Structures are given as C-alpha cells and as structure tokens.
Amino acid sequence: MSDRRQFITGAGLAAFTGLGAIGALYAAKRSWDPLPSVAASGFTIVDLSVAKENQLVVEKWRGKPIFILKKSVDMKKDKRDIVVNGENFHISIGLCTHLGCIPSYRPEKKNFLCACHGGEFDASGNVTKAPPPSPLVIPPFKLDGTKLVLGEEGSEYKKLKDADLIA
Ligand code: FES
C-alpha cells in the first residue's frame, strides 16, 4: 500500500473512530443527564428545579461524574446537604474515596454501593461501610437561584469548606 493510501485509510479510520466515540459520549450523556444543563469553560450549570426525589442524576464536570440527589422527606437531613428552595440535595464527585470506582445508587436502600470492594455510603455521601476512608467529596459549586454552578466557589460551598465538611 502506498504511503498516500495508508494515510487516507488511517485518516478515515480515525474519523470513523472519532464519530463512534462522540456517539458513545452523547449516548452516555443522554442516559446520565435528565436535568437541563449547560457546560462552558470549566463550568457546568444544572437546573435543580426539575430534579425528582430519590432519583440520582449524574452530571459531568471536568471529566468527573457528579452525583446530584434530591432527598425525599423521609430521608435523613445532613450538615453536608445543600438546601435549595427548602429542598435538601446531596451533591458530590461520584468517585469512591477508596480507589476511585464509581459507586451506584440504590434507591430502594437509599444508599451508594461501591462494587469494587463493597464500600458503602449513605445518601449524604458519608461512609457506612469500609474500606472507603472518607466521605464522597463535595465539588466546588455556587448556587444561582435554583441553578447549580459547578466549578465556582460560592458562599454555600465556602461555608461547608470552612466547617471541614467538603470531604
Ligand atoms: S474503590 Fe470503592 S470500595 Fe474500593
């Protein structure tokens, strides 16, 4: 095969693979993201007003999964909760603090299970079963009405940080 032919074939394969990757990302984004959101220059803005109780939403911010969970009235409130319009939300980076797997939410048990080594977190991200050494980490955020702006440190985030409740 000539160099030119090889180049063209390689370029075609790269374009095809790229399209496939974009399609897969789009499909993942759609299945993860039932809330209206906008991502721009390091920030992700999520409208919390349409979140449903006890249904985990997984957003993406700077390549990391972000857990957003609106608590139902029967769920325990926590000092790490973010309160918007009188509703309590748990928001965290969805990576296990043991070795970085993505825990899954179990709505019937209202907790997170990390399948890698059996670690568990409650619906506020606190460890309820080892080996995770610390709670799920709260990402930098700002509240703008019912909009959550991920990537900016607002006053609510600073309060949690000052109280040592971020992780
Ligand atoms: S990575 Fe989650 S328990 Fe080990």
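**View 1. D47 stands opposite K147 in strand 12.** The model is predicted: local features require pLDDT of at least 70 and side-chain atom pairs count only at pLDDT 80 or more, whereas totals for chains, interfaces and linings use all residues. Residues are numbered from 1 along each chain as its sequence is written. Strands (E, at least two residues) and helices (H or I, at least four) are DSSP runs numbered from the N terminus. Strand 2, residues 43-47, pairs with strand 12, residues 147-150, in the antiparallel sense over 4 bridges; pairing requires that DSSP finds at least two bridges between two strands. T44 has L150 as its bridge partner in strand 12.

**View 2. Side chains alternate along strand 2 and along strand 12.** A buried residue has 20 or more other C-beta atoms within 10 Å of its own, with C-beta atoms placed from the backbone.

**View 3. Strand 11 and strand 12 form a hairpin.** Strand 11 (residues 141-144) pairs with strand 12 in the antiparallel sense over 4 bridges. D144 stands opposite K147. Between the two strands are 2 residues, and G145 in the turn has a positive phi of about 65 degrees.

**View 4. The protein chain contains 2 helices and 12 strands.** Its elements run α-β-β-β-β-β-β-β-β-β-β-β-β-α from the N terminus. Of the 167 residues in the protein chain, 26% are buried.

Notes: Buried ≥ 20, exposed ≤ 12 C-beta atoms within 10 Å, placed from the backbone.
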